[in-house]
Amino acid sequence: MIDLQVNGAGGFDLTDTPERLWDVGVALAQFGTSAFLPTLVSPSMATVDTARAVLLDGPPAGYAGATPLGWHVEGPFISPDRAGAHSPHMLQAPDPGAVADWSPATGIRMATLAPELPRALELVEALVANGVVVSAGHSAATFDQARAGFDAGIRGVTHLFNAMSPLDHRDPGLPGAALADDRVTVWLIPDGLHVHPALISIVRRAVGPDRLAIVTDAIAALGMGPGQHRLAGRLVDCDETSARLPSGVLAGSVLALDQAVRNLAEFTGCSVDEARLAVTAVPERLLAGAVAGAGAGTPR
């Protein structure tokens, strides 16, 4: 089972301590996760470089944890108005030069950005050419701006509905554009908090099983129990079911991937085997398609 968005686990936050990548992988394995995209939350470029080096150096001897498939860099090229739990001080304007060497071969597998920002579409085209999956998220994009992003090569939408323009019957925004476009894979956080279970069922009926992925968006608190933890330098209060900033804003989750699959089955009425497609065939196809389209390799 593949998780496209993991911020941390087992007490380790990947943005603060990317060198603990392999410890996070070990923590994830107990929840049935076989592969994952370790996720950096609006990191500095120096943090990205450190993270890539850790991945490309390879696992320690005897490693038996989940396999990292390349980093997912979520931000810093996102909307200040839809930053969610991301620190506003870390956000940057899109700069194609800053990502010129990002590719699966150099450790970057996915990037989440806001397509409506100035020069964002240039950045999308550069990343896609290098074989990186680009996803729209933390975005205030209108319907037309989202469609322009999809035309430029965006093929994913990061945690649909959360931290983005709302779906309105006269102004469908990014969610409406994603639901209407067969080129796009959407993913949801099925913890029952980020998105109402009824809406998760509606989305699955709208896009079918081939365009819906689920992710945990798990933070360092996963597997640690209630208490105070960190997400990209920010303190997060966690109970048995949720992770929130002191302001009450959701800050990732404490959801495990095996539970996410069971939740999807419960919320939608599909079988567990059908739900498992959202963490197997769907993310596999998304990742393989980007690399095949660019002819890029993947890190060993």
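1. Buried here means under 20% relative accessible area, with exposed over 50% and partly exposed in between (1.4 Å probe, protein chains only). By that cut-off Asn 162 is buried, because its relative accessibility is 15%.

2. Some ground rules: this is a predicted model, where local features need pLDDT of at least 70 and side-chain atom pairs count only at pLDDT 80 or more, while totals for chains, interfaces and linings use all residues. Numbering runs from 1 along each chain as its sequence is written, and side-chain values use heavy atoms, leaving out hydrogens and water.

3. Back to Asn 162: look for it in the loop between β9 (156–157) and α5 (173–180). Helices (H or I, at least four residues) and strands (E, at least two) are DSSP runs, numbered from the N terminus. Leaving aside residues up to four places away in sequence, Asn 162 touches Ile 189, His 194 and Val 195 (contact: heavy atoms within 4.5 Å). A polar atom of the Asn 162 side chain also sits 2.8 Å from the backbone oxygen of His 194.

4. Next, the hairpin. Strands β12 (residues 227–231) and β13 (residues 234–238) pair antiparallel over 5 bridges; pairing takes at least two bridges found by DSSP. Leu 231 is opposite Arg 234 in β13. There are 2 residues between the strands, and Ala 232 in the turn has a positive phi of about 50 degrees.

Note on methods
Polar contact = N/O pair within 3.5 Å; in protein donor to acceptor, adjacent residues only side chain to side chain.
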